[in-house]
Amino acid sequence: MAGTGKSTISRTISRELAEKKRLAGSFFFARGKKDISHSRMFFTMIAAQLATSLPVLRTYISDAIDNNPAIFKRGLREQWNQLILHPLKNAPTQSIQLVVVIDALDECDSMQDIQLILLLLEEAKDLKTVRIKIFLTSRPEIPIFDGFRQLSGEAYQDFILHNIPLDIVSADISTFFRQKLSPLKAKHGLGTPWPDELVIAQLVERAAGLFIYAATTLRFIQDGIDDPEEQLSLVLSATKSSRSATEDLDGIYTTVLQHSVLGKRDSQECEQLAGRFTQVVGSIVVMFDTMPARNLAQLLQIPFKMVSRTLDSLRSVLNVPEDESQPVRLFHLSFCDFLQDSQRCRDSRFQIGEKERHTSLFRKCMSHISQLQENICGLCGPGVLITEIPNDTIQDSIPPHVQYACRHWLDHWRLGNPVEEDIKTIRQFLEQDFLHWLEGLSLIGEVSNGAHIIITLEEILSVSYNTH
C-alpha cells in the first residue's frame, strides 16, 4: 500500500509494464469523477483490457457476454466470476506472468465494494493456466486494512511507502531534480553549475520525502512566466517551516498561487484575479466530472478567455491539455485538500469554501436546465428510438455543460448551503422544466439516474417540510 505519491508510482509502473508487454489491465479510481469514482465499471474495464492484452481470452469473455447480455449491470461478484475468473481458469497455459494495476482503491466511493474487491482479487492466487499478479495502491485507511486482514497471509505482500528510510527517498528525489533541471541549463543558457549541489540539497530538504513537492516545484520552474533562475529563487525564498508533514508542500502551493495568479499587480486587480480563481478553480475542485475548459466556461456562464487565462497561469498544479477537447484535471488531490483547508491555505484569497461553490454551481445548473425545450432535438415524431438519433444531434442540442447540469444539479444543492430562494428555484423547476429535464435525461441515457434524483429530492424535501 502507498500513501502520498501513489499515483505517480502506479502510472510509472503501468508504463514500464506496457513497454514490456506485461500489463494485463489497469484502473485508476478518482473520488468524485463519475465513472472512476465507483466500482460499477471496474471489472468490465479490466475484462476488456484482458481481452486485448491476452487474445486467448477473447473467446471466453465474448461467450460470457453472449450468455449473459446483462452482465454489465450485475453485481461485482458475478462480473468477476463470469468475465475474468472463469476465462482465466479455462484459458490455455501461458508462460508469461501478467500484472493488473489498480491505483487509489481508497478513492472508490463504497467501503463495502472496496473490501469485496479485495476478497475477489484474492482468488487470482489459485489460477494455474494464466499467472496474474495485482499491483494495488491506496492510502492506509481503515477499510483497506480491514480488507487485507480478511485475506490469507500468502495472498498478498504489503509495502508502505512511509516506512522507506528517508535517506533512500531523498536520494531518489535528488536524482529527479538533477535529471529534470539539467535540460533547462542548456535551453536557457544558464551558468555552470546550475543548480549547484547546495541548491539541490535545499530542494531535497524541503521535499521532505514527498515526490509531489518535487514534481510541483519542477513544473513551477519549467512553466513559469519568468526564467528558471527567477522561479527557483522564488521557491527557495519561501518561508520554510516544519510544523506539519505538509508544511513545505503547502508552501510551494502558496508560492505558485501568489506568483502565478496575482504576480505584482495592484490590490484592486489582485482582488479581481482572486475572485476569478475562486470561481474557476473552486468549481473544478468540487465538480463531480471533469470537462474541457470551453465547456467549463459555458457551465459557469463566463467568457472562455477568462477561464483560459486563469488555467494557463496554473499549469504547475493543473493538467491543462493543449488539445482543448480534453478535460482539465488536478495533477494531485493534495492541491484540492490544500485549497479547502484554512489551516493549510493561510492566504484567504485562495481558500475555497466548498458549500459556497456547490451552491453557486447548483444555481448555474438550474439556469441551464431552464433553457431546455420540448423536443429539443427536433425529432419528426414520437416513438423514435434513441439509437436512431445521431449522436451529433444529441451533443449539439444538449452540449456537455447542459448534460452535466442535468446529472448533478441535486448533488450540488444537497452539498451546498441553499437559501429559501433556492427552494423556490426547485419548485419552479418542478412546475415548468421537469418534463423537459426528463426528456434531456432520456436522450443522454440517464433516465435511471433521474429516477434516483427524484427519489432523493422527495426524501430531502419531506425532511425539510417536517422540520419546519
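## Close-up views of a predicted model

**View 1. Gln301 in its loop.** Gln301 sits in the loop that links helix 13 (293–300) and helix 14 (304–312). The model shown here and in every view below is predicted. Gln301 is not a glycine, yet its phi is positive, about 60 degrees. The residue counts as partly exposed, at 41% relative accessibility.

**View 2. Asn375, with a positive phi.** Asn375 is found in the loop between helix 16 (354–369) and helix 17 (391–397). Its phi is positive, about 55 degrees, although Asn375 is not a glycine. The relative accessible area of Asn375 is 33%, and the residue is partly exposed.

View 3. Ser316 belongs to the loop between helix 14 and strand 4 (318–319). With a relative accessible area of 3%, Ser316 is buried; the cut-off for this class is under 20%. Neighbours within four places in sequence are set aside here. Ser316 then has contacts with Thr216, Arg219, Phe220, Val256 and Phe331.

View 4. The loop between strand 1 and helix 2 (42–53) holds Arg31. Arg31 has a relative accessible area of 43% and is partly exposed. Its contacts, leaving aside neighbours within four places in sequence, are Ser37, Asp106 and Glu107. Arg31 and Cys108 lie 77 residues apart in sequence, but their C-alpha atoms are 6.3 Å apart in space.

View 5. The strands follow the order 1-2-3, and their pairing is parallel. Strand 1 (23–28) and strand 3 (131–136) form the edges. Each edge strand has a single partner, so one side of each lacks a neighbour in the sheet. Neighbouring strands are turned against each other by 15 degrees on average, direction ignored. Strands of a sheet pair through backbone hydrogen bonds, in a parallel or antiparallel sense.

**View 6. Strand 1 against strand 2.** Strand 1 pairs with strand 2 (residues 97–103) in the parallel sense, over five bridges. Two of the pairs can be picked out by residue. Phe27 has Ile102 of strand 2 as its bridge partner. Phe28 stands opposite Asp103, also in strand 2. In a regular strand, side chains alternate between the two faces of the sheet.

**View 7. Strand 2 against strand 3.** Strand 2 and strand 3 run parallel and are joined by six bridges. Val100 stands opposite Ile134 in strand 3. How many of the seven residues of strand 2 are buried? Six are, so strand 2 is largely enclosed by the rest of the structure.

**View 8. The crossover from strand 2 to strand 3.** Strand 2, helix 5 (residues 111–122) and strand 3 make up a β-α-β unit. This unit is right-handed. Its two strands are also parallel partners, with six bridges between them.

**View 9. The whole chain, for context.** The protein has 20 helices and five strands. Its radius of gyration is 25 Å, close to the 23 Å that the globule rule gives for 468 residues, so the protein is as compact as a globular protein of that length. Along the principal axes, the C-alpha atoms fill a box of roughly 75 × 65 × 45 Å. Of the 468 residues, 45% count as buried. Among contacts with a separation of 6 or more, 73% come from residues 24 or more positions apart. The accessible surface comes to about 24,100 Å². Carbon and sulfur atoms account for 50% of that surface.

Key
Residues numbered from 1 in each chain as written. Predicted model: local features only at pLDDT ≥ 70, side-chain atom pairs only at ≥ 80, totals over all residues. Heavy atoms only, no water. Pairing = 2+ DSSP bridges. Helix = DSSP H or I, 4+ residues; strand = E, 2+ residues; numbered from the N terminus. Axes fitted to C-alpha atoms, helices over the stretch in contact; angles between N-to-C directions. Rg over C-alpha atoms; globule rule 2.2 N^0.38 Å. Buried < 20%, exposed > 50% of the residue type's maximum accessible area, 1.4 Å probe, protein only. Contact = heavy atoms within 4.5 Å. Areas by Shrake-Rupley, 256 points an atom, 1.4 Å probe, with all protein chains shown as cover. Right-handed = clockwise from strand over helix to strand, strands pointing away.
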